[in-house]
Each structure stands twice: as C-alpha cells, then as structure tokens.
Amino acid sequence: RITGLTDRIGPAERNRVLSLARAQSIDAAIRQRIVPERVSVRGAGAELIYNNDLPEGRLYNRTVLIEVATPIDPE
C-alpha cells in the first residue's frame, strides 16, 4: 500500500490531490518492477506524522509511506 502525505499548509482539497499525485508517482515507478495487481494507492491529505508547526516537520510531512505486507495463507 502506498500512501501520499502532505503538510497542513493550503486548502484541504489541494492537499488531498497533491498527496494522491505523490503516491501515484511512486506507484508508477514501482509497477515497472513488480506485479501491478498487488499495489494499492491512496492520498491521505494532511494526516500528519510530524509536528506541522515547525518548518522541518512540514518538510517531513511531505512524503510517501510504502507498506509491504506478506499475505497470511489461511489453513
């Protein structure tokens, strides 16, 4: 799962669009190398992972999270 994030500067809808575009960019690069059907993408908008009140925190919030999960085979 690929999740794009932004800081809280600017309108919420713009941040949602920007975070989704960020995730889709990473998705395109990954899909060239793996099985595409196994990847999901989402734009989280301004779901903060760092303090947005500091310039450094805003910088770090403008990122993409990539989760790699191994499916569990039910017995």
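Modeller: Happy to! One definition comes first: a residue counts as buried under 20% relative accessible area, as exposed over 50%, and as partly exposed in between. Please keep in mind that this is a predicted model.

With those cut-offs, Tyr 60 has 48% relative accessibility, so Tyr 60 counts as partly exposed. Tyr 50 has 44% relative accessibility and therefore counts as partly exposed.

Now bring these two side chains into view together. A search of the whole structure finds one aromatic pair, and Tyr 50 and Tyr 60 are the residues that form this pair. A pair of aromatic rings is described by the distance of the centres and the angle of the planes. For Tyr 50 and Tyr 60, the centres are 5.4 Å apart and the planes stand at 50 degrees, a tilted arrangement. Planes under 30 degrees apart would count as stacked and planes over 60 as edge-to-face, and the rest count as tilted. Where do the two residues sit in the chain? Tyr 50 lies in the loop between strand 2 (41–43) and helix 2, and Tyr 60 lies in helix 2, so the pair ties together parts that are ten residues apart in sequence.

Next, look at the surface around the pair. Tyr 50 and Tyr 60 belong to a nonpolar patch that also includes Ile 49, Leu 59 and Leu 65. Together, the patch residues have about 500 Å² of accessible area. Leu 59 is placed in helix 2, which covers residues 55–61.

Strand 1 (residues 2–4) pairs with strand 3 in the antiparallel sense, over three bridges.

Finally, here is the setting for the whole view. The protein chain has two helices and three strands, and along the sequence they follow the pattern β-α-β-α-β. The C-alpha trace spans about 45 × 25 × 20 Å along its principal axes.

Key:
Residues are numbered from 1 along each chain as its sequence is written. This is a predicted model: local features need pLDDT of at least 70, side-chain atom pairs count only at pLDDT 80 or more; totals for chains, interfaces and linings use all residues. Side-chain values use heavy atoms; hydrogens and water are left out. Patches are made of residues with over 30% relative accessible area and no salt bridge: like charges are joined within 9 Å, nonpolar side chains (Val, Leu, Ile, Met, Phe, Trp, Tyr) within 5 Å. Accessible areas come from the Shrake-Rupley method with a 1.4 Å probe; for residues, only the protein chains shown count as cover. A salt bridge is a side-chain nitrogen of Lys or Arg within 4 Å of a carboxyl oxygen of Asp or Glu. Helices (H or I, at least four residues) and strands (E, at least two) are DSSP runs, numbered from the N terminus. Rings of Phe, Tyr and Trp (its six-membered ring) pair if their centres lie within 6.5 Å; planes under 30 degrees apart count as stacked, over 60 as edge-to-face and the rest as tilted. Buried means under 20% relative accessible area, exposed over 50%, partly exposed in between (1.4 Å probe, protein chains only). Two strands pair if DSSP finds at least two bridges between them.
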